[in-house]
Amino acid sequence: MTTLTDAKTAAQAQGPRPNPLAQIRAEHVMISTGDYAGTLAWYREKLGFQVKHEWTVPDFPGVQLAYIELNGFVIEVVGTPKALQERKTPPDLEAALSDRGFGHLAFLAADVDAVAEELTRRGVEAALPPTSFPQAGRRVLFVQDNNGNFIEFVTPLSAREDEGGR
């Protein structure tokens, strides 16, 4: 019979155990919505996401699920027939940044000004037009999806300076 002391001694003899958390990486983020089809369409048409997989779970009637992906980033869209809780959409970006909890998705972009122009062409209004924040070393753009979720696009100011900036 192996004792706890024997197991501890054996583990120490093998050396330090690798930290299993050092190997994790982001897999997906989930957005719950009452407008499943509209959300899939918005992310596909406005941002270029592709539906990778759709399914249902028999134990959850009326719930629809999909993984959508763009450049390796995955969003799980969950369509629910009724809200578990009333979700309040912040009235503006300042309120969203001042609140607690999940705030926004963020995407790195080579040029947020070009992204803003393309999104405008696709009918998406900016919640915050391209704005430089030298203290953070970033130029950012904020928009909202069809559910009111904020989405940030970020370009490091150093990348803009390397290209001569705008």
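Colleague: Which residue just after α2 takes a positive phi, and of about how many degrees?

Modeller: Gly48 does, with a phi of about 90 degrees. Before we go on: this is a predicted model, where local features need pLDDT of at least 70 and side-chain atom pairs count only at pLDDT 80 or more, while totals for chains, interfaces and linings use all residues. Residues are numbered from 1 along each chain as its sequence is written, and side-chain values use heavy atoms, with hydrogens and water left out.

Colleague: What makes a stretch a helix or a strand here?

Modeller: Both are DSSP runs, numbered from the N terminus: a helix is H or I over at least four residues, and a strand is E over at least two. The protein chain has five helices and eight strands, in the order α-β-α-β-β-β-α-β-α-β-β-β-α.

Colleague: What lies at the start of α2, on the side-chain oxygen of Asp35?

Modeller: That oxygen comes to within 2.9 Å of the backbone nitrogen of Gly38.

Colleague: Why is Asn71 called exposed?

Modeller: Exposed means over 50% relative accessible area, buried under 20%, and partly exposed in between, with a 1.4 Å probe and protein chains only. Asn71 has 76%, so it is exposed. Asn71 sits in the loop between β3 (64-70) and β4 (73-79), and its phi is near 50 degrees, a positive value in a residue other than glycine. Most residues other than glycine have a negative phi.

Colleague: And what makes Glu76 count as buried?

Modeller: Its relative accessibility is 11%, so Glu76 is buried. Glu76 belongs to strand β4. Of the 166 residues of the chain, 31% count as buried.

Colleague: Why is the link between the side chains of Glu76 and His28 called a polar contact?

Modeller: A polar contact is a pair of N or O atoms within 3.5 Å; within protein, one must be able to donate a hydrogen and the other to accept it, and residues adjacent in sequence count only if both atoms are side-chain atoms. The side chains of Glu76 and His28 meet at 3.0 Å, so the link qualifies.

Colleague: How do you know that Thr155 is buried?

Modeller: Its relative accessible area is 0%. Thr155 lies in strand β8, and a polar atom of its side chain is 2.8 Å from the backbone oxygen of Ala109.

Colleague: How many aromatic pairs are there?

Modeller: There are six. Take Phe49 and Phe107, an edge-to-face pair with centres 6.1 Å apart and 70 degrees between the planes. Phe49 lies in the loop between α2 and β2 (50-56) and Phe107 in strand β5 (residues 104-108), so this pair ties together parts 58 residues apart in sequence.

Colleague: What makes the pair of Phe107 and Phe153 stacked?

Modeller: Rings of Phe, Tyr and Trp (its six-membered ring) pair if their centres lie within 6.5 Å; planes under 30 degrees apart are stacked, over 60 edge-to-face, and the rest tilted. Phe107 and Phe153 are 5.8 Å centre to centre with 25 degrees between the planes, so the pair is stacked. Phe107 is in strand β5 and Phe153 in strand β8 (residues 150-156), so parts 46 residues apart in sequence are tied together. Both residues are buried. Ring pairs also link Trp42, Tyr43, Phe49, Phe73, Phe107 and Phe153 into a cluster.

Colleague: How much space lies in the second largest pocket?

Modeller: About 260 Å³. It has 14 lining residues, and the closest to its centre are Leu47, Leu70, Phe107, Val115 and Phe153. The elements giving two or more residues to this lining are α2, β5 and α4 (112-121), and α4 gives the most, with three.

Colleague: What makes something a pocket?

Modeller: On a 1 Å grid over the protein atoms alone, a pocket is an open set of points where a 1.4 Å probe fits, with protein on both sides within 12 Å along at least five of seven lines; lining residues have an atom within 4 Å of a point. Grid points are joined across faces, edges and corners, and the volume is the space filled by probe spheres set on them.
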